[in-house]
Each structure stands twice: as C-alpha cells, then as structure tokens.
Amino acid sequence: MKFQVGYQSNRKFVEYLLKHGDMVSELYFPWGEFTTGRGVTADTEQLAEDLKCFKQAGFRFCLLLNGNCYGSEALSVKFFDKLGNAIMEVMSSFGLNSVTTASPVIAAFLKQHFPDLHIRASVNMEIGTPEGVEYLLDDFDSFYLKREYNYDLAVLTRMYDICHKNGKKLYILANSGCLNFCSARTFHDNLVAHQHEIAQMDNAVTFHGVCTKFLSAGKNKENILAKSNFIRPEDIHYYEELCDGMKLATRTNFNPMAIAYAYFNGKFSGNLLDLTEPAHSALFPGEIIANNLIPEEYFPYRFSCDKICENCDYCKNIQKNATVKL
C-alpha cells in the first residue's frame, strides 16, 4: 500500500519523506489564499522551496481545494480567474498531477480547462453510496470514501465495485480523528473555511469541536474506539483489494513523522491516539491507549460485526484492556 501524505513544513518530516518516497503515491498541499479543510497555508515561500526538493525526488503532487465554503465569490468570475492562474502557476513551477476538491463546481471547471488533471472528490463530501458516485461521474476521476465506512466490508466492497465499474478509483482516509457521524461536522468545516476572517472578529465564544467537548466528559472517553474510524497501521494490509490507496492526515498533527513511520512500516507501539488528526491524546491526561496491547482479532471482529454499537461492549473492553495509566 502506498499513501497520499499531507505536507507539513516540519524539517524532520520533510527529510523523512524525501528518504522514503517509494511509500508515497502523492504529496498533497494547499496553495495561496485558497481555503482548505485545514484553513489557509501560512508559509507559501517555504512550501515552494520544499516542493522543488520533492519535485527533484520524483514525487507526484496533489493540490488541495477542499474547503467547505468559498463565500460570496464561490461562483464568481473573479474566483475562477484566480483559481485558473493558481493552477497554471503550480503546474509551471512544480508540475501537478491531481486536485482534491469538495466543490463540484471547481471539479467541472478543472475538467473543462485542465483535462489532464486527475480530479478527486474530497472526504469532506462524505460520499458513501453508489448514488453519490453516479451523480458526479462526469467531473471526478476518483472518490474518497465517507470515513465512517472504513470498517464496513459490505459498503467498501460495493463502493470499490461501483467505482471500478465506471473507470474510477476509490481512496480511504486512514487516520482521521473525527468521531463517527459527527452531528456538527458540516458546521465545523464551514468555520474552518472562514477561520482567518473569524480570527479578526471580537468573538463571544471559541469552538473547539463537538469531539473535544464530548470526550472531555468522563465516561465518554471509555469507548472512543467504537466511535472512531481510524485504521491501525497493523491492519492496512486488509485493504489491499478494497481501495486504490490511502490518505494519511499529517498537515496539523504535532508529530507527522510518527504517523508516516508507523504506516510505512505497518506497526506502532505507542499511544494510538497520537496517530490521528485531530489527535485526542491530550484529552486523556495520565493514560494512553497502547497500540501493542490491542489483540490481532480486534480488526477481523470489528470488520465483520453488525455495527449496532449501542448493544455491544466489544470495542470498549478492548480499549479498557489496552489502556495504560501513567
């Protein structure tokens, strides 16, 4: 399995990726003032310098245009003029193989004006049904699966089949820290898209996400495995025939090199929650979920279970036995 890995200017991380480019199918990154699922990039100059190094090393590049909102300019001539210029700038300076977007309008624009680019539907579009794929066949070449279905063999098989039947590809986000079926995900993604504007306001409240509030409350922490969708590095091999590749979320994690090392090597013996983005380890003071204490049968059981979690304590018991108090 090769991975799509998110750029972060962390020097050790950049050097590690350059040494292990054989494990990276694409390096994905934002550009300029275009908002993405993690806001706007802060240092385009450093990014440009690093992209030159990655280009020399033969990396393939994916541009992120996966913001959930582009405001009043979302359909404007001004926006698409700026977008086209940005695409041409990246292509001429570094080369560009693909674009990941959450906007069907951006996808259609790119298909018309840059037909050689591979256009991928963002995980933020939450596509998890054949219908979701069929509606977008004209403008997208591949799709990220709705993250909640990472452990659903029936959905995975169905989605892989429908994509390949139509000449498309299916990808998975491996290490999301988002809780399953989050009721506030769309709201939160919209906030992120406008975070730089919001930061300039005299705000009455700070929103850290429903996941942070939920996991900060006592017993809610006891069953985070069942409410999460991240895939352990040891279990990646189960997906070889179920997807065309995996994305690693590494753009904002405090230790992206640990993520890359764990998934590239297929093993990890530290705190499992350190591998996710967002990482929830800070919400578990004084304890860790030791990945090496999770038994091999965890994945096969969860992959084939009936997904009625409110009537089952299997994952909760697995987590309890793997929790180490410091």
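**Ground rules.** I noted that this is a predicted model, in which local features need pLDDT of at least 70 and side-chain atom pairs count only at pLDDT 80 or more, while totals for chains, interfaces and linings use all residues. Residues are numbered from 1 along each chain as its sequence is written, and side-chain values use heavy atoms, with hydrogens and water left out.

**Second largest pocket.** I worked with a 1 Å grid over the protein atoms alone, where a pocket is an open set of points with protein on both sides within 12 Å along at least five of seven lines, a cavity is a set of points where a 1.4 Å probe fits but cannot get out, and lining residues have an atom within 4 Å of a point. The second largest pocket holds about 520 Å³ of space, a volume being the space filled by probe spheres set on the points, with grid points joined across faces, edges and corners. Helix H11 (298-304) and helix H12 (314-322) each give at least two residues to its lining, and H12 has the largest share, with 3 residues. Helices (H or I, at least four residues) and strands (E, at least two) are DSSP runs, numbered from the N terminus. The lining divides into 11 nonpolar, 5 polar and 9 charged residues, where Ala, Val, Leu, Ile, Met, Phe, Trp, Tyr, Cys and Pro count as nonpolar, Asp, Glu, Lys and Arg as charged, and the others, Gly among them, as polar.

**Largest pocket.** I then turned to the largest pocket, with a volume of about 820 Å³; of the 37 residues that line it, Arg-38, Cys-178, His-188, Glu-277 and Pro-278 are the closest to its centre. Helix H7 (185-193) and helix H9 (210-215) each supply at least two lining residues, and the largest share, 4 residues, comes from H7. By class I recorded 18 nonpolar, 12 polar and 7 charged residues in this lining. I also checked the backbone here, and the peptide bond from Glu-277 to Pro-278 is cis, with omega near 0°, Pro-278 being in the loop between H10 and strand S9 (287-289).

**Barrel.** I traced a closed barrel of 8 strands with parallel pairing, in the order S1-S2-S3-S4-S5-S6-S7-S8, and its twist averages 25° from one strand to the next. Two strands pair if DSSP finds at least two bridges between them; strand S1 (residues 3-6) and strand S8 (residues 246-248) pair in the parallel sense over 3 bridges, and Val-5 has Leu-248 in S8 as its bridge partner.

**Cavity.** My search of the whole structure found 1 cavity of 30 Å³ or more, and the largest cavity holds about 30 Å³ of space. Its lining includes Gln-4, Glu-26, Arg-120 and Lys-247, and S2 and S3 each supply at least two of the lining residues.

**Helix pair.** I found that the axes of helix H1 (residues 11-19) and helix H10 (residues 256-265) come within 8 Å and cross at roughly 25°, axes being lines fitted to C-alpha atoms, for helices over the stretch in contact, with angles from 0 to 180 degrees between N-to-C directions. H1 and H10 are therefore roughly parallel to each other, a label for angles under 35 degrees, with over 145 counted as roughly antiparallel, 65 to 115 as roughly perpendicular and the rest as oblique.
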